[in-house]
Amino acid sequence: MRIVCQFSCGAASAVATKLAIAQYGDGCEIINAYLAGEHADNRRFLADCEAWFGRKVVILRDEKYDADPIEVFRRTRYIKGRQGASCTKRLKRDLLRTFEQPGDVLVLGYTSDEQWRLDDFQEAYPDRPVVAPLIERGLTKTDCKTMVERAGITLPFMYLQGYQNANCIGCVKGGAGYFRAIREDYPEEFKRLADVEAEIGPGAYILRHRSGPLKGQRFPLHELPAGKADRKEWLPACGVTCEIAEQEYTS
Ligand code: SF4
């Protein structure tokens, strides 16, 4: 039986992995899907965590799109919709499938305030063996960041900038406040995403007006109005559980 930890270069998945290793030892496999859109400092964080774990992380890397979300959008002419984000589907799910074995126990990095996510997962997949070490121990996201720092590891650079995740720079799961922050901090990455969005056309627009006469209508990133940048905006994690859940409606 394998205990599979999906390490996503975030603090919660780091602590969940560390706890799983402490509990299950050699039965643990740690995997990470490399994403070219992430900040380069995520790789430094991964290396620091490998030293903390005392174990190597198996890196899976998409070759078809060179692990680059922008390349996925350009070639599939689709960014995201009701069926989820095309980047997570193309850059993670297929890779993770190549790694899966029957009977794997999945380590979920849900924090104590995310019990509802665990409930949803178990309701959807009652036969899928899982453990949720952070919920079992009542650990929050803040606890996890503190534990990582106490281990002498510097958090990923985007956390230090105030972001709540270490997702790709300009993650398509973000909202207007998040994208204003990305436009300020990472203008080149913002432009690259805005350009491909414009190239594909209105059906690909990520953001919608939240109020006013245009409420509900989509608008392009290139027309994102000035306003408050929000680095603390909560974004869904881009992890294995999302991929498994997405299989429900994208297979
Ligand atoms: S972090 Fe965001 S942009 Fe990157 S692959 Fe995941 S959903 Fe896509």
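Which residues have the most contacts inside the largest nonpolar core? I looked this up first in the predicted model, where local features need pLDDT of at least 70 and side-chain atom pairs count only at pLDDT 80 or more, while totals for chains, interfaces and linings use all residues. Residues are numbered from 1 along each chain as its sequence is written, and side-chain values use heavy atoms, with hydrogens and water left out.

**Core.** I found that Phe73, Val172, Phe179, Ile182, Leu193, Ile206 and Leu221 have the most contacts inside this core of 33 residues (a set of buried Ala, Val, Leu, Ile, Met, Phe, Trp, Tyr and Cys residues joined through side-chain atoms within 4.5 Å; buried means under 20% relative accessible area, exposed over 50%, partly exposed in between, with a 1.4 Å probe and protein chains only). Two or more residues each come from helices H3 (69-76), H4 (86-99), H9 (176-185) and H10 (187-200) (helices are DSSP runs of H or I with at least four residues, strands are E runs of at least two, numbered from the N terminus), and H10 gives the most, with five.

**Salt bridges.** I noted 16 salt bridges in the structure (a side-chain nitrogen of Lys or Arg within 4 Å of a carboxyl oxygen of Asp or Glu). Arg231 and Asp185 form one of them at 2.8 Å, N to O, and this pair links distant parts of the chain, 46 residues apart, with Arg231 in the loop between strand S9 (218-219) and helix H11 (240-250) and Asp185 in helix H9. In the bridge of Lys56 with Glu50, at 3.5 Å, N to O, Lys56 counts as exposed because its relative accessibility is 65%, whereas Glu50, at 14%, counts as buried.
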